[in-house]
Amino acid sequence: MSLLVVGLSHRSAPVSVLERASLAGGTQAKLLQDALAAEPAAEAAALATCNRIELYADVDKFHAGVAELSTLLAQHSGVGLDELTPYLYVHYEDRAVHHLFSVACGLDSMVVGEGQILGQIKDALARGQQLHTAGRLLNDLFQQALRVGKRAHSETGIDRAGQSLVTFGLEQLAAGEDVAEWARGKRALVIGAGSMSSLAAATLARAGVAEIAVANRTRARAERLVEILGQPGGTGVAARAVEMAAVPGELTRADIVVSCTGATGLVLTAEVVAGALGLPHEPVRAASAGKTAPAGNDGPVRLALLDLAMPRDIDGAAGHLDGVRLVDIESLAEASADAPMASDVDQVRTIVADEVAAFGAAQRAAHITPTVVALRAMAADVVAGEIARLDGRLPGLDTKQRAEITQTVRRVVDKLLHAPTVRVKQLASEPGGAGYADALRELFDLDPQTVAAVSRADLNDPNRGRS
């Protein structure tokens, strides 16, 4: 069996596709169960966030596995296979391990080093364990990924850029000020009610904004987010839901706007922003050909815009308007790339490479362990049989003599088996060492069912994988 991952993320697909392909909790459970029912997969786990959907499986056939996992993702995401396929990526064996470890360290995130992904990986593992779809391989893989991610954050400075995308974006808007000081008392407009927008609303509320208006195409989702913000023990911020049609009017009241929708076109044009601020519209189109204005524009800021959508929700030309500061995915990526952390990224990549090699070696060594255990069990049976025959031939042996002979025979067998079994484990842990288990079974004529029984006992050990 071999590890396979099929998925899509912000690196391979636009946000509009990712949003449509999102997997709710119940859908994830059905996806995992169907993956296990499919012939090529023996284990399955799903990692689903607002920016990625990935299905991990232990498969016995590569091409059949890719086809089956791709079909299952299409069926359960609601996006047709023909439409989904161009955005899918595939990683196999060591490349799949390398991918998950990189994800766990934040190397594959929109903002390099963000730590939120570790909690999402932990949730994915817990779901696979709860549904009994994650077996030995995926339990080992995901637990090791969590350790690798924690190691990267503790041994390097990667978490200097390790905030969530929302936090990083707000820091860019604040342009060097403390976010809480900068946001306190301001009025915010959040456009969208998905996971990213919800996180933005909660972050703004904790930062001390005076009020939050939430606009969404589906009014009920906006009202639900407002309800969450106002729950007892929550943020206590004054929040209200508004229609999307009311957004231009809300812009005249807002100090901060955060937008993250799945719209395929612009949600806020530069003309709408200019109109809300009472600015002339004419120069806006001329400026739109340039890049997004940097977050640090000179002059007082009347309206701070944070666009977390991909493709963008807010016209880049709006960032050239007087009194407007615009931060979007493109400028966030540039800010992250410009951060003085190249050496930290290199260190994390070295950690990932080392951990991938160690994981592969451990898995190959574990593959031969049931065969070694079965060999030693067979040797013990041979010793027991010979001692029984000796009892029949020499019935006069007393207990002490019998125990001494038994111990001597066992020592001889152990010494004969020690060097080859230690060496075969070492050889099996090296690349290309998978065939040593088969060679050992063939040389000692071991019963395959006995070896399989040892594997099942190890897999069902309730203490296995606990940390």
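This is a predicted model: local features need pLDDT of at least 70, side-chain atom pairs count only at pLDDT 80 or more; totals for chains, interfaces and linings use all residues.
Residues are numbered from 1 along each chain as its sequence is written, and side-chain values use heavy atoms, with hydrogens and water left out.

Strands here are DSSP E runs of at least two residues, helices are H or I runs of at least four, and both are numbered from the N terminus. Two strands pair if DSSP finds at least two bridges between them.

So, back to the sheet. Strand β9 covers residues 303-307, and four bridges join it to β8, with the two running parallel. On the other pairing I want to show, β5 (residues 187-191) is joined to β8 (residues 256-259) by four bridges, again parallel. Along that pairing, L189 stands opposite V257, and I191 stands opposite S259.

Which way do the β8 side chains point? I256 and V258 go one way, V257 and S259 go the other, and all are buried. Buried means under 20% relative accessible area, exposed is over 50%, and partly exposed is in between, using a 1.4 Å probe and protein chains only.

Zooming out, the sheet is open and has six strands in the order β7-β6-β5-β8-β9-β10, with parallel pairing. At the edges sit β7 (238-242) and β10 (324-328), each pairing on one side only. Neighbouring strands are turned by 15° against each other on average, direction ignored. Axes, by the way, are lines fitted to C-alpha atoms, for helices over the stretch in contact, and angles run from 0 to 180 degrees between N-to-C directions.

Next, aromatics. Rings of Phe, Tyr and Trp (its six-membered ring) pair if their centres lie within 6.5 Å; planes under 30 degrees apart are stacked, over 60 edge-to-face, and the rest tilted. How many pairs does that rule give? Three aromatic pairs. One of them is Y56 with F142: centres 5.3 Å apart, planes at 80°, so edge-to-face. Y56 is in strand β3 (residues 52-59) and F142 in helix α7 (residues 136-155), so this pair ties together parts 86 residues apart in sequence. Y56 and F142 are both buried.

Then there's F101 with F359, centres 6.0 Å apart and planes at 80°, so that pair is edge-to-face too. F101 lies in helix α5 (residues 94-104) and F359 in helix α16 (residues 342-393), so the pair links parts that are 258 residues apart in sequence. F101 counts as buried because its relative accessibility is 0%, and F359 does because its value is 8%.

Helix packing, quickly. Helix α6 (residues 116-130) packs on α7 at about 165°, with the axes 10 Å apart. That makes α6 and α7 roughly antiparallel; the cut-offs are under 35 degrees for roughly parallel, over 145 for roughly antiparallel, 65 to 115 for roughly perpendicular, and oblique for the rest.
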